[in-house]
Amino acid sequence: MFETLQAPPADKILSLIAAYAADPREGKVDLGVGVYRDPTGATPILASVREAERRLLETQKTKAYLGIAGDPAFCKAVQTLIFGTDAPHDRLKALQTPGGSGALAITMGFAAKLSQRLHIPSPSWGNHAAIARSVGFEIVQYPYYDAATGSVNFSAMKAALEKAAEGDVILLHGCCHNPTGADLNKDQWAEVAEILIARKLLALVDIAYQGFGDGLEEDGWSVRYLAGRLPEMLVASSCSKNFGIYRDRTGAAFVLGKTAEEAAVAQAQIMVVARTSYSMPPDHGAAVVRIILEDEALAAQWRDEVETMRQRITGLRKALSEAFRLRTNSNAYDFLMESRGMFSLIGVTEAQARRLREEFAIYLVDDGRINIAGLREDQVETFVEAVVTVKG
Ligand code: LMR
């Protein structure tokens, strides 16, 4: 049977992990997969996470199943982290998930039973379309990014959303847009909310980088605002990045219903999707997150650690745009300073990205996405020089 199979194309982001590891060149630069790196290039385990793991080892008495929705205490803590204290919590239901991708898979799997079309921004994280396709959605791309200015093309986005059909699902990035780093401002979020309401569209918000843009509270603003305005909504969140627990696969899915009863039924339907896929979420990472968020001192330490990561990214954005300004004698790269989160598009073609990899040992995604946190401060100038060289 298997002889008829063809190998699928390699994942454009994850294949870089192995390619980078196999590269023997000294001074290679990894701007590929979205993991935070400290100034030495390492992805350390946060001190708050280590402490929570120590406590978990000491206190955990069983590894018996928790159930399809995971640990209610984890769900409650993450719900407050993302939605704040003033949200309509009675109309919100949460599920612990295997990472942000797990949250996307079950929310999309659920939404695909209600709707045929999912609108995703162009560009978006590659796995959005892949997951959507796997659950049977027809995908419509809406214009999002203006490469000429490095910012959101809001008028085009709005015009496209205004044409969406009633009941369509609209995928939005809550903050730190992946791959562009270009986010909506508050006025634009308000306009989007009005379109969603007027056109009876269902929002699915992916928030995977809370804390890496303007701060934990600030980055949650979009979700909090929408939760206050919309009758119904889905949210997929990840703890991979802001807790640095990538391989522990920890995330959460949320459903906001018109009433508490409707939210509970929707959650039960999402649980069916989870049950027929991975059945129940892994718990180690979620337990760590719960321990941190439930302990005031540990939570404060974690918030400081997130802020340190955020500031490093912001500092690198500034250093990069200044180095480009000096080297190109133009403000063409100022957008790097105005964008948020780990990612930006550096504006290279696929061939130029390949050249950066082959000639300069700089690993970035083929679409020109760079993980800014992957740069070391002492690599900024070499990187800028290499980009200017390949662009000619
Ligand atoms: C990324 O965008 O690099 C991360 O979210 C990792 C992944 O799974 O693609």
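Helices here are DSSP runs of at least four residues, numbered from the N terminus. With that in hand, let's walk through this predicted model.

**Stop one: the second largest pocket.** Select Asp183, Leu184, Asn185, Asp214 and Arg340, which lie nearest the centre of this pocket. The pocket has a volume of about 440 Å³ and is lined by 24 residues. Now colour helix H7 (186–199): H7 gives the most to this lining, with three residues. By class, you'll find seven nonpolar, ten polar and seven charged residues around the second largest pocket. Domain 1 (11–44 + 303–390) and domain 2 (65–294) each supply at least three of its lining residues.

**Stop two: the largest pocket.** Next, pick Asp11, Ile13, Leu14, Trp125 and Asn127, the closest to the centre among the 47 residues lining the largest pocket. About 1,200 Å³ of space lies in there. The lining counts 23 nonpolar, 14 polar and ten charged residues. Which element gives the largest share of this lining? That's H5, with six residues.

**Stop three: helix H5.** Select residues 126–134 and show His128, Ala129, Ile131 and Ala132, which are buried. These four sit on the same side of H5 because they cover an arc of only 165° around the axis. The buried residues pack against helix H4 (99–111) and several strands, including S3 (117–122) and S4 (138–143). After H5 comes Gly136, with a positive phi near 95°.

**Last stop: Gln79.** Look in helix H3 (residues 72–83). Gln79 is buried, at 10% relative accessible area, and its contacts include His89, Leu92 and Phe254.

Terms used
Residues numbered from 1 in each chain as written. Predicted model: local features only at pLDDT ≥ 70, side-chain atom pairs only at ≥ 80, totals over all residues. Heavy atoms only, no water. Buried < 20%, exposed > 50% of the residue type's maximum accessible area, 1.4 Å probe, protein only. Helix = DSSP H or I, 4+ residues; strand = E, 2+ residues; numbered from the N terminus. Arc of directions from axis to C-beta. Contact = heavy atoms within 4.5 Å. 1 Å grid on protein atoms, 1.4 Å probe; cavity = no way out; pocket = protein on both sides within 12 Å on 5 of 7 lines; lining within 4 Å. Points joined across faces, edges and corners; volume = space filled by probe spheres on them. Nonpolar A, V, L, I, M, F, W, Y, C, P; charged D, E, K, R; others polar. Domains from an automatic or database assignment. Lists of a residue's contacts leave out its neighbours within four places in sequence.
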